[in-house]
Amino acid sequence: MIPEGEKSYVLFPLGERRFALPAETVTELARPDSVQTFPHRTPLLTGVLVRRGRIVPVCDVAQVLVGPAAPPRKFYLIANCKIGARQELTAVPVTGECELVSAANVPLKGNEPPYVSATLSIGDETVAVVALEKLICAETTA
Amino acid sequence: MRPLKQLRPEVKAAREDVIVFAVGGYKLAIAAGAVKEIRGMEGLHPFTLGGISTQITKLKYTLERNGSTYFVVDAAQHFQLPASNVSRVMVLRNMPTGVLVDSTDRIMEISTLHGLPPVFTHEERGWYRGLAVVNGQVVPIVNHSAFLNRPELEIVRAGLERVRGVVNA
């Protein structure tokens with residue numbers, strides 16, 4: 001049972017920090033797999049994964065969320081996000097294991113980046129909930 | 001968590017022969033029916049028409065074949081890759097275009113063509129018809145008419161007309 005006012009989130013690490021995605025958008029945490037690359041010009045995209053016959057683009061959001069110094073990514077969090085009018089799977093490289101939590105939103109202060117849709121208070125830690133589609137669309141259409 | 005099958009990807013059943021080729025370390029493929037001939041580098045003439053060469057920098061050579069002129073494009077430059085070790089020219093069918101590539105590999109049959117995921121939003125949307133998966137490996141299927149697209153061909157033709165006009169004057 002999830003207490004009233006709380007929602008489920010998947011917390012994912014990027015180096016020293018953790019971020020969250022709404023659990024209902026996450027489809028799986030994939031083990032390291034070979035990213036396949038081909039020539040393209042869209043920022044943030046590092047290639048594609050093939051998962052069960054599906055082609056899933058890999059979007060390295062760490063570049064935006066923690067900068068170029070993020071440690072090597074170990075897993076792929078595969079999430080459903082709306083790109084244009086379509087729901088698409090997108091793989092987000094993360095640096096460690098993920099955690100499923102239930103938490104209530106903390107009101108936004110107003111100075112967060114536009115891709116932060118909410119914040120969570122988990123122990124002493126404040127975790128930003130990432131609106132993946134906003135982040136990807138802002139960066140890939142730049 | 002939602003199962004993957006709830007999302008329907010854009011996939012076309014498309015049994016088709018493609019020629020695999022290499023550019024700058026990448027493997028790509030082109031519809032076999034779009035290629036008239038694969039040849040070596042002999043017979044290429046550097047393309048040096050000043051105004052056009054600066055507008056379409058990927059256009060490197062011309063090739064005369066059976067009374068037709070083909071405009072030969074450097075595929076590495078088309079895909080905005082560093083210069084590569086070209087060794088083959090793919091002469092395209094039904095268009096006056098040749099494509100310089102590092103090597104050609106084999107003809108293979110693909111059975112499905114996956115749409116390029118919409119998150120790819122830049123020039124690559126014009127470069128590829130889609131992606132094929134062959135033995136677990138993703139191979140982009142190029143849009144052969146993008147190597148020299150219609151506006152670029154217009155520029156080339158207009159430039160050549162200008163030159164011929166000056167010569168005949």
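Trainee: How many residues has the largest nonpolar core?

Mentor: In this predicted model, the residues with the most contacts inside that core are Ala20(A), Leu21(A), Leu77(A), Val130(A), Val73(B), Val99(B) and Ile141(B). In soluble globular proteins, nonpolar side chains tend to be buried together. Counted as a whole, the largest nonpolar core has 83 residues.

Trainee: Which element gives the most to this core?

Mentor: The core in question is the one in which Leu77(A) is among the residues with the most contacts. With seven residues, the element that gives the most to this core is E6(A).

Trainee: Which residues does Val130(A) touch, not counting residues up to four places away in sequence?

Mentor: Val130(A) is one of the residues with the most contacts inside the largest nonpolar core. With residues up to four places away in sequence left out, Val130(A) touches Phe19(A), Ala20(A), Leu21(A), Tyr115(A), Val116(A) and Leu135(A).

Trainee: Which element gives the most to the side of chain A that touches chain B?

Mentor: Between the two chains, 30 residues of chain A are in contact with 24 residues of chain B. Elements of chain A that each supply at least two residues of this side include strand E3 (26-30), strand E6 (75-83) and helix H2 (132-140). By class, this side has twelve nonpolar, eleven polar and seven charged residues. With five residues, the element that gives the most to this side is E7(A).

Trainee: What percentage of the residues in chain B are buried?

Mentor: Chain B has four helices and eleven strands, and its C-alpha trace spans about 70 × 30 × 30 Å along the principal axes. Taking a residue as buried if 20 or more other C-beta atoms lie within 10 Å of its own, the buried share of the 169 residues in chain B is 33%.

Notes. Residues numbered from 1 in each chain as written. Chains lettered and ligands numbered in written order. Predicted model: local features only at pLDDT ≥ 70, side-chain atom pairs only at ≥ 80, totals over all residues. Contact = placed C-beta atoms within 7 Å. Nonpolar A, V, L, I, M, F, W, Y, C, P; charged D, E, K, R; others polar. Buried ≥ 20, exposed ≤ 12 C-beta atoms within 10 Å, placed from the backbone. Core = buried A, V, L, I, M, F, W, Y, C linked by C-beta atoms within 7 Å.
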